[in-house]
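Here is a short report on a single protein chain.

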Amino acid sequence: MTESLDALTSLVAGGGVVVLSGAGLSTESGIPDYRGPSGVARRHTPMTFQAFTRDPLARRRYWARSHLGWRLIARAAPNAGHRAVARLQDAGLVDAVITQNVDGLHSLAGSAPVIELHGRLDEVTCLDCGNLTSREELDRRLREANPDFVAHVAAVNPDGDVDLPDEQVAAFRPVDCGICGTGMLKPDVVFFGETVPPERVARCFALVEQARALLVLGSSLTVMSGRRFVIRAAKRGIPVAIVNQGPTRGDGHATVSVDAALGALLPALAERATGGVDADAATMVAPAGV
């Protein structure tokens, strides 16, 4: 049994934990990360809110690429790490999950409550009338509008976007809101250049401030959107534990920092923290350091 797993178990077993998760938790579900060991290198800049709303060509490009990439996200299933977090919540040790992911896998695994900081890809909003519809419904409408659209996907990004040649993009036809008829549709996620709704941020800060400990899972904490909660916890004297493959920008604030694959470590952590020690599962975990 490693010292790092002992320290994590001690921290989590006391309860009052808030989880902050990132893309690294979903890599074992087949959704790539940007910065981790399985990370993908983007060949194009992520879509910004400004470009999406102001440039019809940029909007067409986004929907053509996302229409294909969404299929990977829709097929993804929760992995052992998601299920372990849900088990910790069921046991009353984790009070809430804050996730930077837009894949909805925490909820599918049974976690509740889950605050999806950047929204969800499986929902679509109309920027004009505000109507919210399912991505499945939009997918059906896009298939009907593009019966002959065929494209080869070279790579899928964590946000459901894909790399797609311009000539294939040109053949794609987007659709408008099915309710008001003319409204601009956008996935209900926070784009680059767009701000997270203030009330959502405030709720996350409140959860962190009330927590006994903050557990970061699978996030490099490169962007301030997630790192601010680690900073707030550290300022309040709340212990921070980080489990990630590779260094993070929050390591300097961490009480415990473990470099390990989450799909192996989290089930062992859940077994120990809930009192059901599984020695075989625990011995499979080989964190790189504390």
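The axes of α3 and helix α6 (residues 135-145) come within 11 Å of each other and cross at roughly 120 degrees. Axes here are lines fitted to C-alpha atoms, for helices over the stretch in contact, and angles run from 0 to 180 degrees between N-to-C directions. α3 and α6 are therefore oblique to each other. Angles under 35 degrees count as roughly parallel, over 145 as roughly antiparallel, 65 to 115 as roughly perpendicular, and the rest as oblique. The crossing of α3 past α6 is left-handed. That term applies if the near helix is turned anticlockwise from the far one by less than a right angle; clockwise gives right-handed. On the α3 side, W63, S66, H67, W70 and R71 make the contact. On the α6 side, R135, E136, L138, D139, L142 and R143 take part. Contact means heavy atoms within 4.5 Å.

This is a predicted model, in which local features need pLDDT of at least 70, side-chain atom pairs count only at pLDDT 80 or more, and totals for chains, interfaces and linings use all residues. Residues are numbered from 1 along each chain as its sequence is written, and side-chain values use heavy atoms, with hydrogens and water left out.

**Overall**

The protein chain has 11 helices and 9 strands. Helices (H or I, at least four residues) and strands (E, at least two) are DSSP runs, numbered from the N terminus. Of the 290 residues, 50% are buried. Buried means under 20% relative accessible area, exposed over 50%, and partly exposed in between (1.4 Å probe, protein chains only). Among contacts with a separation of 6 or more, 71% come from residues 24 or more positions apart.

**The parallel sheet**

An open sheet of 6 strands has the order β3-β2-β1-β7-β8-β9, with parallel pairing. Its edge strands are β3 and β9 (256-259), and each pairs on one side only. From one strand to the next, the twist averages 15 degrees. Two strands pair if DSSP finds at least two bridges between them.

| Strand | Partner strand | Bridges | A bridge pair |
|---|---|---|---|
| β1 (residues 17-21) | β2 | 5 bridges | V19 and V97 |
| β2 | β3 (residues 114-116) | 3 bridges | T99 and E116 |
| β7 (residues 213-217) | β8 (residues 240-244) | 4 bridges | L217 and V243 |

Helix α1 packs on this sheet and touches β1, β7, β8 and β9. The direction of α1 makes about 130 degrees with that of β9. Helix α9 (residues 224-235) lies across β1, β7 and β8, running at about 150 degrees to β7.

Strand β2 is largely enclosed by the rest of the structure, because 5 of its 6 residues are buried. V102 is buried, with a relative accessible area of 14%. The C-alpha atoms of V102 and L121 are separated by 5.6 Å, although the two residues are 19 residues apart along the chain.

**The antiparallel sheet**

A second open sheet has 3 strands in the order β5-β4-β6, with antiparallel pairing. β5 (132-134) and β6 (185-189) stand at the edges with a single partner strand each, so one side of each has no neighbour in the sheet. Neighbouring strands of this sheet are turned by 45 degrees against each other on average, direction ignored. Strand β4 (residues 119-126) and β5 are joined by 3 bridges. T125 stands opposite L132 in β5. Helix α3 (residues 56-75) lies across β4 and β6, at about 140 degrees to β4.

Helix α1 (residues 3-13) and helix α10 (residues 262-273) have axes that come within 9 Å and cross at roughly 55 degrees. α1 and α10 are therefore oblique to each other. Their crossing is right-handed. L5, D6, L8, T9, V12 and A13 of α1 meet L265, A268, L269, R272 and A273 of α10.

**Cysteines**

How many disulfides does a search of the whole structure find? The count is 0, where a disulfide is a pair of cysteine sulfur atoms within 2.5 Å. For C129, the closest cysteine sulfur is in C126, at 3.6 Å, which is too far for a bond. C129 is partly exposed, with a relative accessible area of 39%. C204 is buried, at 0% relative accessibility.
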